[in-house]
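Work through the exercises below with the sequence and the structure in view. Each task is followed by a solution in steps.

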Amino acid sequence: MDLGRHLQSLFRVDRMAVFRRPGPLRWLLIGIGVIWALGGIRMFLFHISYDPFADTRVYYDAAARLNAGFPLYPPGRIYPPLFSILFRPLALLPFELAAAIWEGVLLTALGLTLWRIGIRKPATWWAVLVLSIGIAWTLAIGQVEAIITVLLAIGSPFAVALAGNIKIFPLAVGIYWLARRDWHNLGRLIGWTAALVFLQLILDPSDTWAFPGTLGPGQVAFEVGSSGNISPFVISPIVWAVCVAIEFAVAFRFARWRWGWAAAVLLAVLAPPRVFSYNLMTLLACLGGPDMARADREVGRAKSPAVPVGSVSRPA
């Protein structure tokens, strides 16, 4: 029972009392964080030496193709065209300058994520340590995952729709509103998603129409077979399907609970048949979203001293 209470307090909004209590669990959690942080440092040093800003180069080249009037597909991309369209101004600059600006954008996104989920909460910094491998890889290669993270940490229908039009699977977070029968926000998610698709049709109709063709079995099989894929799909499509079904059931079941948003984010991160360690950075958004904002308000009200009726002082 004591262990259960300690684990429950780990993600409590009231500053995580478990880290202030002396005992083996506190040191165990700190030790886990330190070990993963060391792994994050190693990951950053490796990629910043071996393939620095590799994904930034991919984004830059794709946007440069659009600037030059060439079609976006195919050279091996499976993402919607919106992000490449938005990246076009940076592709007009020398790559070194574009990469520096883009890295600044990613660092800003990380900072906004920490602010959103509670920069003063020990839970936030423990999560940063545990997910430091994904964060370090993201920053070293210039991955857009930092943008996905802050959008899902915000958790509004527009933010989720924008994330889903950069990468597809963030739209799975919509299960949160579906399971809660929150038709208003679910409708807003569908509406914003349709509006962003329509915007892409206006800005780049040919590539928008060509995008569904990139989801064919051949291209998907190539992407799934990429080195470093940690999805269960690598073991077996059947194992992957079973895992996704379990994740879906958990997200649907817990949607009305306090950690419903976390379960939905977990589904969006782990459901794709291709998952890399940098994708795990988005799990930071489990600490954000509508549930945590509501919990913060409830804790704030609980900590406010109650004022008895008629006790308000009046001037003499």
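The model is predicted.

**Exercise 1.** Find out what the buried residues of α11 pack against.

Solution.
Step 1. The partners of the buried residues of α11 are α4 (82-87), α9 (157-164), α10 (175-179) and α12 (205-210).
Step 2. Helix α11 itself runs over residues 183-203 and has 21 residues. From the first C-alpha to the last, α11 reaches 30 Å, close to the 30 Å expected at 1.5 Å a residue.
Step 3. N185, L186, L189, T193, L196 and Q200 are the buried residues of α11. They lie on the same side of α11, because they cover an arc of only 110° around the axis.
Step 4. An α-helix has 3.6 residues a turn, so residues three or four places apart point the same way.
Step 5. On the face turned away from the buried side, α11 carries the exposed residues W183, H184, I190, F198 and I202.

**Exercise 2.** Decide whether A98 counts as buried or exposed, and list its contacts beyond four places in sequence.

Solution.
Step 1. Locate A98 in helix α5, residues 95-117.
Step 2. The cut-off for buried is under 20% relative accessible area. A98 has 1% relative accessibility and therefore counts as buried.
Step 3. With neighbours within four places in sequence left aside, A98 is in contact with Y60, L90 and L93.
Step 4. The C-alpha atoms of A98 and R57 are separated by 9.5 Å, and these two residues are 41 residues apart along the chain.

**Exercise 3.** Describe how α3 and α5 pack.

Solution.
Step 1. Two packed helices are described by the angle between their axes and the distance between the axes.
Step 2. For helix α3 (residues 54-67) and α5, the angle is about 115° and the axes are 10 Å apart.
Step 3. The crossing in which α3 passes α5 is right-handed.
Step 4. On the α3 side the contact is made by T56, R57, Y59 and Y60, and on the α5 side by F95, A98, A99 and W102.

**Exercise 4.** Which residues of the largest nonpolar core touch the most other members?

Solution.
Step 1. This core has 59 residues, and those touching the most other members are F87, W102, I135, I147, L151, I166 and L284.
Step 2. α5 supplies the largest share of the core, 9 residues.
Step 3. Take I147: leaving out residues up to four places away in sequence, I147 touches W102, V105, L106, A109 and I166.
Step 4. There is also a second, separate core of 7 residues, including I133, W137, F276 and Y278.

Notes. Residues numbered from 1 in each chain as written. Predicted model: local features only at pLDDT ≥ 70, side-chain atom pairs only at ≥ 80, totals over all residues. Heavy atoms only, no water. Helix = DSSP H or I, 4+ residues; strand = E, 2+ residues; numbered from the N terminus. Expected span 1.5 Å × (residues − 1). Buried < 20%, exposed > 50% of the residue type's maximum accessible area, 1.4 Å probe, protein only. Arc of directions from axis to C-beta. Contact = heavy atoms within 4.5 Å. Core = buried A, V, L, I, M, F, W, Y, C linked by side-chain atoms within 4.5 Å. Axes fitted to C-alpha atoms, helices over the stretch in contact; angles between N-to-C directions. Left-handed = near helix turned anticlockwise from the far one by under 90°.
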